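Please keep the sequence and the model at hand while reading.

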Amino acid sequence: MNVSAEPTVEDVVDLVERHLAVFPLPRGGRRPDSPGWSGRCLTTADAVRSHWPAGANVGIGCRVSAIVGLDLDLAGDGAATLADMCTAHAAGWAQALDTLTVRTPSGGSHLYFRVAHWCTIPSSSGVLGPGIDVRGPGARSGGYLIGPGSTVDGTAYTITRDRPIRPLPAWLWRRLTGEQPVSLPPRHPGEPVRWWWL
């Protein structure tokens, strides 16, 4: 992805091609400027090229994208909390991080994980421990992440680990839902995307 002062249309197309559903945020902003953002998510390159407003920051809808985002806060030491959880669950730290990762302007990280399209993990703060917020698909519109390329207070969200988005690890699924995980079939190049439409 191009690192620029603000996201370009091709930056946003790159996100859609990673099977992420995007919607515009105000230039330099973190919050949607009106309700109903989840219904405005774009899921194809053609739609982005036709409708993306110049200079807009990028929102990524968790429900439409079927993802869970872990927001690791630098000040709250979210990375250390996640490392402790990986140790407790005998899960490799490197393996847990081997997914698309974005550095936030505050120095924290967003880790992206795939979930089933019917998943209803809610957004939360502190459920997994100090310094970790969860952005989930929820039961209705779900949460959202600020996408890479977006700029807030002059600092960009940047991809620091450019990996395919891996399924949410089974132990994290159990921690967040109390249920046994469901296997997700692998996505192959050219496979149609089955979006969860609202």
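On the face of H4 that is turned away from its buried side, the exposed residues are Asp84 and Thr87. The model under discussion is a predicted one.

Which residues of helix H4 are buried? In this helix, which covers residues 78-88, they are Gly78, Thr81, Leu82, Met85 and Cys86. Because these residues cover an arc of only 140 degrees around the axis, they lie on the same side of H4.

Two packed helices are described by the angle between their axes and the distance between the axes. For H4 and helix H6 (residues 170-177), the packing angle is about 105 degrees and the axes are 11 Å apart. An angle from 65 to 115 degrees counts as roughly perpendicular, so H4 is roughly perpendicular to H6. On the H4 side, the contact is made by Leu82, Met85 and Cys86, and on the H6 side by Trp171, Leu172 and Arg175. Leu82, Met85 and Cys86 are also listed among the buried residues of H4.

Just after H4 comes alanine 90, which takes a positive phi of about 55 degrees.

## The protein as a whole

The protein contains six helices and twelve strands. It has 198 residues, of which 47% count as buried. Its accessible surface comes to about 9,400 Å², and carbon and sulfur atoms account for 53% of that surface.

Contacts can also be sorted by separation along the sequence. Among those between residues at least 6 apart in sequence, 73% join residues at least 24 apart.

## Helix H1 and valine 13

The buried residues of H1 are Asp11, Val12, Val13, Leu15 and Val16. The elements that cover them include E1, helix H2 (45-51) and strand E2 (57-61).

Valine 13 is found in this helix, H1, which spans residues 9-17. Is valine 13 buried or exposed? Its relative accessible area is 2%, and buried means under 20%, so valine 13 is buried.

Leaving aside residues up to four places away in sequence, valine 13 touches Ala45, Val48 and Arg49. Valine 13 and alanine 45 are 32 residues apart along the chain, yet their C-alpha atoms are separated by 5.2 Å.

Histidine 19 lies in the loop between H1 and strand E1 (22-25). Its phi is near 65 degrees, which is a positive value in a residue other than glycine. With a relative accessible area of 19%, histidine 19 is buried; the cut-off is under 20%.

Which atom of histidine 19 lies 3.2 Å from a polar atom of the side chain of arginine 114? It is the backbone oxygen of histidine 19. Arginine 114 lies in strand E5 (residues 109-114), and at 9% relative accessibility arginine 114 counts as buried.

## Residues in strands and loops

Serine 124 has its place in strand E6 (residues 124-125). Not counting residues up to four places away in sequence, serine 124 touches Asp133, Val134 and Arg135. At 15% relative accessibility, serine 124 counts as buried.

Valine 127 is placed in the loop between E6 and strand E7 (132-135). Although valine 127 and leucine 176 are 49 residues apart in sequence, they are 7.9 Å apart in space, C-alpha to C-alpha. Valine 127 is partly exposed, with a relative accessible area of 48%.

Aspartate 153 belongs to the loop between strand E9 (151-152) and strand E10 (155-156). Its phi is near 55 degrees, a positive value in a residue other than glycine. Why does aspartate 153 count as exposed? Exposed means over 50% relative accessible area, and aspartate 153 has 75%.

The table gathers the relative accessible areas of the residues discussed individually.

| Residue | Relative accessible area | Class |
|---|---|---|
| Valine 13 | 2% | buried |
| Arginine 114 | 9% | buried |
| Serine 124 | 15% | buried |
| Histidine 19 | 19% | buried |
| Valine 127 | 48% | partly exposed |
| Aspartate 153 | 75% | exposed |

Notes. Residues numbered from 1 in each chain as written. Predicted model: local features only at pLDDT ≥ 70, side-chain atom pairs only at ≥ 80, totals over all residues. Heavy atoms only, no water. Helix = DSSP H or I, 4+ residues; strand = E, 2+ residues; numbered from the N terminus. Buried < 20%, exposed > 50% of the residue type's maximum accessible area, 1.4 Å probe, protein only. Contact = heavy atoms within 4.5 Å. Arc of directions from axis to C-beta. Areas by Shrake-Rupley, 256 points an atom, 1.4 Å probe, with all protein chains shown as cover. Polar contact = N/O pair within 3.5 Å; in protein donor to acceptor, adjacent residues only side chain to side chain. Axes fitted to C-alpha atoms, helices over the stretch in contact; angles between N-to-C directions. Parallel < 35°, antiparallel > 145°, perpendicular 65-115°, else oblique.
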